[in-house]
Amino acid sequence: MNGGRLDVIKSLILPAERIADVGCDHAIIAEYCINSGYFKNVIASDISEKCLQKAKVRLGSAKNATFYCCDGLGYECDEAVIAGMGGLLISEILVKAKTLPQTLIVCPHRDEYTVRKTLVSLNYRIDCDIPIEDRKKHYSVIRAVKCEVAKALDELQLHFGVNYKTPNAALKSRLVKLRKAYMNAPRQNADKLDLIDRALKFQDVGD
């Protein structure tokens, strides 16, 4: 899928009663949700009061906007978007949440392995896992839906996405970049290189 990170995130959002833009900063995602007309209530939340004030300026006139200054998911919602932060923090937010939403859309800046592992442990089924390259940086935009028992992922799926066998230009670029970096110390990175080479077999890289 082409498009920037925010465009891909928006494309994965599903209609719901109550959606949250977690760690909203400027509340760009929250604004999109309000304008879409698909949601009765749109939550913009952030741990920073300063960031929340920026969100209020952007969304202040919206009648269906709710604002929370809190750490993570300190409220109930049906769907949540969590982006703009590292995977360890996203995982921590999910594990600490008292109530988890039915649908999650996450885009970690790093530590995707931990995010996918956490999602499975919390019984989320990953139904979209899209590799993208945006401004020369690589991301995965992941949508996961709550289920009774989540299917375990293998190591390559945890590292590179549930659809790593499907040729994708952004994933191919990321794997080649990682391989080049790890080849600076091949002995120390032998296990990582093995994973990358196994994934690259599906990406039609050539010589």
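Me: Which residue in β5 does methionine 85 stand opposite?
Reply: The model is a predicted one. In it, β4 and β5 run parallel and are joined by 6 bridges. Methionine 85 has its opposite residue in β5, and that residue is proline 108.

Me: How many of the 7 residues of strand β4 are buried?
Reply: Strand β4 covers residues 79-85. A residue counts as buried under 20% relative accessible area. The strand is largely enclosed by the rest of the structure, because the number of its residues that are buried is 6 of the 7.

Me: Which residue in β4 stands opposite valine 22?
Reply: β4 also pairs with β1, in the parallel sense. That pairing extends over 4 bridges. Opposite valine 22, the residue in β4 is isoleucine 82.

Me: Which residue in β2 stands opposite alanine 20?
Reply: Strand β1 is made of residues 18-22, and strand β2 of residues 41-46. The two pair in the parallel sense over 5 bridges. Alanine 20 stands opposite a residue in β2, namely isoleucine 43.

Me: In what order do the 7 strands form the open sheet, and which are the edge strands?
Reply: The pairing in this open sheet is mixed, and the order is β3-β2-β1-β4-β5-β7-β6. An edge strand pairs on one side only, and this holds for residues 65-69 and residues 124-134. Those edge strands are β3 and β6.

Me: By what angle are neighbouring strands of this sheet turned against each other on average?
Reply: The sheet meant here is the open one of 7 strands. The average ignores direction. For neighbouring strands, the angle is 15°.

Me: Which residue in β7 is the bridge partner of tyrosine 124?
Reply: β6 and β7 run antiparallel, joined by 10 bridges. Their hairpin has 2 residues between the strands, and arginine 135 takes a positive phi near 55° there. As for tyrosine 124, its bridge partner in β7 is lysine 146.

Me: Are α4 and α5 roughly parallel or roughly antiparallel to each other?
Reply: The axes of these two helices come within 8 Å and cross at roughly 15°. Angles under 35 degrees count as roughly parallel. α4 and α5 are therefore roughly parallel.

Me: How do the residues of the contact of α4 with α5 divide into nonpolar, polar and charged?
Reply: The crossing of the two helices is left-handed. On the α4 side the contact is made by Gly87, Leu88, Ile90, Ser91, Leu94 and Val95, and on the α5 side by Thr114, Val115, Thr118 and Leu119. These residues divide into 6 nonpolar, 4 polar and no charged.

Me: Is serine 91 buried or exposed?
Reply: Serine 91 lies in helix α4, residues 87-96. Apart from neighbours within four places in sequence, serine 91 is in contact with Thr114, Val115 and Thr118. Its relative accessible area is 6%, so serine 91 is buried.

Me: Is leucine 175 buried or exposed?
Reply: Leucine 175 is part of helix α7, residues 169-182. Residues up to four places away in sequence aside, leucine 175 touches Phe160, Ile196, Ala199, Leu200 and Gln203. Its relative accessibility is 0%, so leucine 175 counts as buried.

How values were computed. Residues are numbered from 1 along each chain as its sequence is written. This is a predicted model: local features need pLDDT of at least 70, side-chain atom pairs count only at pLDDT 80 or more; totals for chains, interfaces and linings use all residues. Side-chain values use heavy atoms; hydrogens and water are left out. Two strands pair if DSSP finds at least two bridges between them. Axes are lines fitted to C-alpha atoms, for helices over the stretch in contact, and angles run from 0 to 180 degrees between N-to-C directions. Buried means under 20% relative accessible area, exposed over 50%, partly exposed in between (1.4 Å probe, protein chains only). Contact means heavy atoms within 4.5 Å. Angles under 35 degrees count as roughly parallel, over 145 as roughly antiparallel, 65 to 115 as roughly perpendicular and the rest as oblique. A crossing is left-handed if the near helix is turned anticlockwise from the far one by less than a right angle, and right-handed if clockwise. Ala, Val, Leu, Ile, Met, Phe, Trp, Tyr, Cys and Pro count as nonpolar, Asp, Glu, Lys and Arg as charged, and the others, Gly among them, as polar.
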